[in-house]
Structures are given as structure tokens and as C-alpha cells.
Number of protein chains: 2
Amino acid sequence: MGEGRFKEMILEIAKKAKIASKNLVTLSSNTKNEVLKRVAQKLRERKEELKRINEKDVNQALIQGHTKAFIDRLTLTDKIIEGMAKGLEEVAALPDPVGEVVKMWKRPNGLWVGRMRIPLGVIAIIYESRPNVTIDAAGLCFKSGNAVILRGGKEALNSNIALGEIFRETLKEFNVPEDAVQVIPTPERKLMEYMLELEEYIDLVIPRGGEGLIRFVTEKARMPVIKHYKGVCHVYVDNEADLEMAKIIAINAKCQRPGVCNAMETLLVHKDIAEKFLPDLAEEYKKYGVELRGCPETLKYIPWAKEATEEDWYAEYLDLILAIKVVNSLEEAIEHISKYGSNHTEAIVTENYSKAMKFLKEVDASVVLVNASTRFNDGGELGLGAEIGISTTKIHAYGPMGLEELTTTKFIVFGNGQIRT
Amino acid sequence: MGEGRFKEMILEIAKKAKIASKNLVTLSSNTKNEVLKRVAQKLRERKEELKRINEKDVNQALIQGHTKAFIDRLTLTDKIIEGMAKGLEEVAALPDPVGEVVKMWKRPNGLWVGRMRIPLGVIAIIYESRPNVTIDAAGLCFKSGNAVILRGGKEALNSNIALGEIFRETLKEFNVPEDAVQVIPTPERKLMEYMLELEEYIDLVIPRGGEGLIRFVTEKARMPVIKHYKGVCHVYVDNEADLEMAKIIAINAKCQRPGVCNAMETLLVHKDIAEKFLPDLAEEYKKYGVELRGCPETLKYIPWAKEATEEDWYAEYLDLILAIKVVNSLEEAIEHISKYGSNHTEAIVTENYSKAMKFLKEVDASVVLVNASTRFNDGGELGLGAEIGISTTKIHAYGPMGLEELTTTKFIVFGNGQIRT
């Protein structure tokens, strides 16, 4: 297939999405919720078929020698399929953001001015080889009135197409344009590159995944990009911390699920409590099999830790590895976070009021916590409902992106003949 | 000067802006307001000097044969200088958005979660040859805690540098990093191109101006872009409109200030009232010297109008020219707006409740009005206070961008030892 053919193909997909998106604006919440519940039901009914199709993708990935973690994310198990179905039902149960008037006020000339939530239009999502994202993302975009173009990792292509088909079939049953959900049927990178030029039809691109992909999308895209980038998250344990609490948080932030973006990657410890805090904590990490990499000061208290290099401070391990640094002050901790952090999630443990407030105000991250685990940077945990990911872009949505973050507001004005003088 | 030199120059500007921006986050509202008021005072004190410098720019532009409208926008008069000073004082009087917690709620596990407004960081603004924008934009960015890089039209360079210097001098007096406000000292387009690659230092680019410039910025920029694009604004006069009100609104929307983006460019009239409404309205437009370009149906009622071509429906005249089209229904009006409109400002005049609501809900524009002039799409008029312009990008801020729209929110979380299980 020639390159011109890819250009045509993605142009057609984008145009169809734009047309479908105009229809979605006027869809009732009831219809949207019924569609979501019906897709959930079908996923359950057709899970054996889905698993068979997924097996092809998995076998291919095994031949290509992908890691166990990669294969895990790629595999559709009963549990994952049930999770997708439940997820859709949860989104159906959430309030519809579209049409909500978030504020309304009156002007001196009698005009009533309001801000009304509307869909963004067409959203393209570029994601890893995780087929469940196909359904999660389609469900959130559909509920928020957006048409979606899905471009998952190439290893999951067959699974993604099959999942997309179930969604499209259901849309058709309910007389909703099926092009509200489209899975790009080829893994060609060139096609994605053409897609990123179509700002006339696509209103937003959300890339999830590795640095290389995100850099590529940022460079090429002409439409706005909301990055879901890495989490180099810190916990700073202050000299005035409750050390028992600090230990529990430090263990939870690292060990509860080390492979996710809101897991802690670097622990910062105030020098005055390092001797008391670190040896005890290190014993606990040992039980979880965590590899520790420390600054020279840390090594004094944890002799079995490896010495950390400059790269360790930048590292998103996503694994049972932790960098530890002893700092002289809160200010040094904040400076370290500003230099090495990724604006994702940052926590302080302290009983000192002024230091807690300083940290909250000054640290630039999508979520900043006092005396709580970094693992709470999550749409569900923070109370937004389901999320499409965690934005590390400041514009539009900084932090977890739920249904509201997939909308924008337009101004509506009720007048009775007002003119400007 | 070689190209490498431009790269270095803009990299240095961007880095300095980033450093300054970190300092701005912690600045008190009082200090910010004092700075703004002092800049206003200095503008008044030094207006003769400013006018002398501006004269150089104006003389050069006259030699180059620019239009009268262009020269008007470029010229610093007493009135314009007083307007800048007053504008700064108004911004000083507005509430500081930074630090505002827009919402706060409690989670079942006892966590308190809030969304706190923070500055975006570094904003680059690319604008026309209008020196007053230098002060307006710097004032709004500074008050909202952002460092700003200003790149105005090359014809205004000397004026912009002089105005920037007054702002910087004042920052220094108050011990605020002067690099919070930087005017790019050379008009080289290549330098702007390099700037658009610096997503590590610049958080947002706002281009104002013509189609070519906006296209260039959209293509090249790696950071988010909020476009302030053209306004092809419509007024639809329904068959159930109060025709007297419709006339007043149609005249105001076109004639009150034809050179601005929220002026009406196309009038849509329902066929059932065209015969009654159009001849009378045309007489009124004649008094204002408005050139009318109509569809064939329109020409039946206004024989002296020119025939409109396809291009007229797309045109942003910014002048005393108006396109008029007779439509068969509200639906046809909405379709016309969807096809030819620019998502800027759209108004309906009707006494019919259902049609008013349908228009409000279905028309996709940053501001949609019922029974009011399009001229109200303006931050001041809608109650946001001063504005940096009107965004036609849906992401982040759709419509007038005031102080709040120059911020984002981060999540702040108050815990007492919560972990995830």
C-alpha cells in the first residue's frame, strides 16, 4: 500500500469522525447510557470469541520475544474483560457532563451569561498495546459526547479491531453514527503522522506511553496535545514527620503497585532523621524485595544499598527499585523535585503546618499531597470517577482526566435586545 | 547575525523566562498590584518619550506604504497611552486568580481534595503591530503569575522595546525578576521558529493575527497553542423575531465597530420575513455606508445590493461590508453557520422559545447569543474583566481569555496518613 493510500485512509477516518461528532452533541444521556450498558453486556456474551482473537496477538508477541509484563498487559483474561464491562457500567452511572451550565451570572445591562459544557469534538488517542484501553477510552469519549479515533500499539491490533467492532455494532443498533468510535485498522506509523496534520478534523490528541512516542507526537501534531507522560514521583520525609506514618506511606507509595506512573521513584529524607528512619525502613523494603540506590549519605545508614548515579534521580523505574537521597532542608527537597521531577505526583510527610503549606503551594505537580501516598493520583481515588489517564500538560487538564476534562465550555447569553454602545 | 546566534538568543530568553516564572508563583498579590500601578504611573510620566520613539516606527511604516488602519493601530496617541495605564490599573483591581481553591471536597477515606489555581508558567504571545498589546498582555500575564515572552509585529519593534523596558525597570524596583517580561529584540522570523521548538521552557503560545501567521505557528509549535483566530460571525433573524429588535441588533453588530473580530459578517434572514424586514434594514445600512452582498433571494428585496459569491460566505471583512442570505429555516441557518462560521460568535433573534434553545445548544461557537448583539463577545462585556483575546481553540479556554484562563489548576490533597489498599 502506497503512502498516498494511508493519507486517504486517515483523512476519510477523520472526516467521518467529525461528521459523527456533530450528531453526538444532541444525543440524550439516556441513549448514551443504554449504549454503554449494551456494550458491556456484549463484551460478557462474546468473551470467548474475544479471547480467541486476542490469542493471535499474544502468540505473535510471544514469538517476537516481548517481556512478561508486556504480555500481561496485552492479554485479555476473563478478569480483564469483566473489568472493561464493569468500567462501562460505571461510566454509564456517572452524570453526563454535556449541557451542564457550570456558572451563570447577570450583567448590569440585564444579559444573563452562562458557561455550558460541550464536547471537544474529535479526540485521537494513541496508546500502548493494552486492548482494555480501547474500551475504556471509547466509553469515556462517547459519554462525554466526543467521537474517538483509537490508535493502540500494533501488537494489539486484532484485539482492538474486535473490541471496536462490538462498540460500533451497538452504536448502529441504537441509530447512533458508528463512526463515533473508530479503530485505525493498520499499525503504519506514517498513517499516524498524517493524522497529526489533520487539525481541521481532530480537536485533541492524547498520547499515552513512552518518551519517544510522546516526543514524536508533540513534534508532529498541529492540533493540541495533552501528554500523559511519565511519573518521577517523590515522597519527602521531613524531620518533623510522624515516622511511623512516613514508613507506611513510603512502603505503600513504592510497593503497592510499582509498575504504575503514580508509584514513588525517589524518596527524599531530611538529614536530621535519616539515621533513625532509614535503617528501619530499609528492612521493610527488603521484605518486599526492593532494590535501593542511595546517595553517599544514604549508604551510611543502608550499607547494602547500591550507590545512585545522576541518572537514578531522573529514572522512572516502574519496578521494585527505589532511589533515596538525604537532603538538608525542605528547600533542598523542593529544589530536587523541581529539577528531577516530572510534574506528576509529589508528597510531603510532616507534622509542621508551615512546611506542609509551603510544599503544597510551591511544588509544581498535577497532584501535591500532604501525609498521603502518591498512589492517590487517580481519577477514581480523587473522586472524578473513571479517567482516561493523567495529564502532565498544564493546559486544559493538569492531573487525572475524567469526563469533565473531556469537555470544554462555551458561553451562552440570554438577552432581550441588548446592543453595545 | 547567523542563524545559530538566533537560536542561542531565544534559548537564553526562554530559560530566563522559566527561571523568572518560578519566582512569580510565590509573589504576593499586593506586590503584583503595586507593580502594575507603578507601571501605569510611569507610562503617563513618560508619554512624550514614548510618542517620540513610536514616531520612528510610524514614519518607517508610512514609508513602507501601510494602510491608514494599520498606521492607526501602530500609533501611540495620548488616548492610547492613557488607555494602557487605565488598563493596568483595572487589572490591578481584579482579584488575583493564583492560589484560589476553586473547589474542595472530602473523600470517604478522609482525604480532603482541592483544585488550586496556579500560573501556567511561561507564555509566549505573538501579535500584530499594535504596541498597546505589549502592555495589556504583560499586565495580564504578570497578574496571573506567568512570565511572558512578547513578539509583536516588526513594524512596532522600537515602541514594544521601550514599553517592555518600562515594565522591566519597575519589576527591578520591586525586586521581582525583570525577565518576567521580555520583548524579543529582533523581528527575525527564524528566531520565532526556534522559539516554537522550546516546549521545555514555554508552556503556551498564543498567536493573534492573520491566517498565515496562525497556520505557521500551529505547524511549527511543539507546545500547546491557543489560537485567536478570525470571527466570521452571523446573526440569524428568525421568522418569529421581534423585527424592531432584530434591526437594532443587526445594525449594532455590523456598524458599531466593524473592524473587530466580533462584528457580524453575514446576516441570515428567514424567508417568511425577508420581504418585510430586508428593504427597511437596507435603508438603515445605507445611512452607515455599508456595502451589501446578497444571495439571489436577497437581491429581490434589495436591488442595489451586489451579488454574493461563494467566497463572501467565508469572508471576515472587518469593514463596512455585509453578506446577506435568505434561508428557509432555522435548520438551514445552523447548517450555514456550521459550514462557513469560524466558531467565534453566533446570534439568533427570535421570540420562539424552542428555536432559541435549539440554537443555543446546537451552534458550536465560543459565544452563542439569543436576542443580543455579537459585539458582546468580549471579556469585559461578559464579566471576566480584562482579556488577552478571544480563543477559537476549544481546548483550555474557548472564548474570551481573562486572568482565570491564564491559569490552570493542580490538585492539592490534605491527608493524615492515608494509603491505598
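A:R38 comes out as partly exposed, at 22% relative accessibility (buried is under 20% relative accessible area, exposed is over 50%, and partly exposed lies in between, using a 1.4 Å probe and protein chains only). This is a predicted model, so local features need pLDDT of at least 70 and side-chain atom pairs count only at pLDDT 80 or more, while totals for chains, interfaces and linings use all residues. Residues are numbered from 1 along each chain as its sequence is written, chains are lettered from A and ligands numbered from 1 in the order in which they are written, and side-chain values use heavy atoms, with hydrogens and water left out.

What does A:R38 pair with? The side chain of A:E173 meets it in a salt bridge, 3.3 Å from N to O (the term means a side-chain nitrogen of Lys or Arg within 4 Å of a carboxyl oxygen of Asp or Glu). The two ends sit in distant parts of the chain: A:E173 is in helix α7 (residues 157-173) of chain A and A:R38 in helix α2 (residues 29-45) of chain A, 135 residues apart. Helices here are DSSP runs of H or I with at least four residues, strands are runs of E with at least two, and both are numbered from the N terminus. A:E173 is partly exposed too, with a relative accessible area of 44%.

Over all chains, the structure holds 89 salt bridges. As a general point, side chains of opposite charge can pair when their charged atoms come close.

Another one to look at in chain A is A:K247 with A:D280, where the closest N and O atoms are 3.4 Å apart. A:K247 lies in helix α10 (residues 243-255) of chain A and A:D280 in helix α11 (residues 271-288) of chain A, so the pair ties together parts that are 33 residues apart in sequence. Buried or partly exposed: which is A:K247? It counts as buried, at 16% relative accessibility, whereas A:D280 counts as partly exposed, at 40%.

Over in chain B, B:K16 and B:E12 meet in a salt bridge of 3.8 Å, N to O. Both lie in helix α1 (residues 3-24) of chain B, 4 residues apart, or about one turn of the helix. B:K16 is partly exposed at 33% relative accessible area, and so is B:E12 at 47%. Elsewhere, salt bridges that share partners join B:R38, B:K42, B:E45, B:R46, B:E49, B:E169 and B:E173 into one network.

## Where the chains meet

Now for the interface: 77 residues of chain B are in contact with 77 residues of chain A (contact means heavy atoms within 4.5 Å). Together the two chains bury about 6000 Å², with 55% of it on carbon and sulfur atoms; that is the accessible area (1.4 Å probe) that two parts lose on being put together, summed over both. Which residues of chain B lose the most area to chain A? They are B:I395, B:F411 and B:R420, together 14% of what that side buries.

Between chain B and chain A there are 6 salt bridges. In one of these, B:R420 pairs with A:E381, with the closest N and O atoms 3.4 Å apart. Strand β16 (residues 407-418) of chain B supplies the largest share of the side that touches chain A, 11 residues. Strand β13 (residues 367-372) of chain A runs parallel to β16(B), with 5 bridges joining them (strands pair if DSSP finds at least two bridges between them). Opposite B:F414 in β16(B) stands A:V370.

## Two buried spots in chain A

A:A162 is found in helix α7 of chain A and is buried, with a relative accessible area of 14%. Leaving aside its neighbours within four places in sequence, A:A162 is in contact with A:L50 and A:I53. The C-alpha atoms of A:A162 and A:L24 are separated by 23 Å, and these residues are 138 apart along the chain.

A:H344 lies in the loop between α14 (330-340) and β12 (345-349) of chain A, and at 0% relative accessibility it counts as buried. Beyond its neighbours within four places in sequence, A:H344 is in contact with a set of residues including A:Y229, A:C233, A:C261, A:N377 and A:T392.
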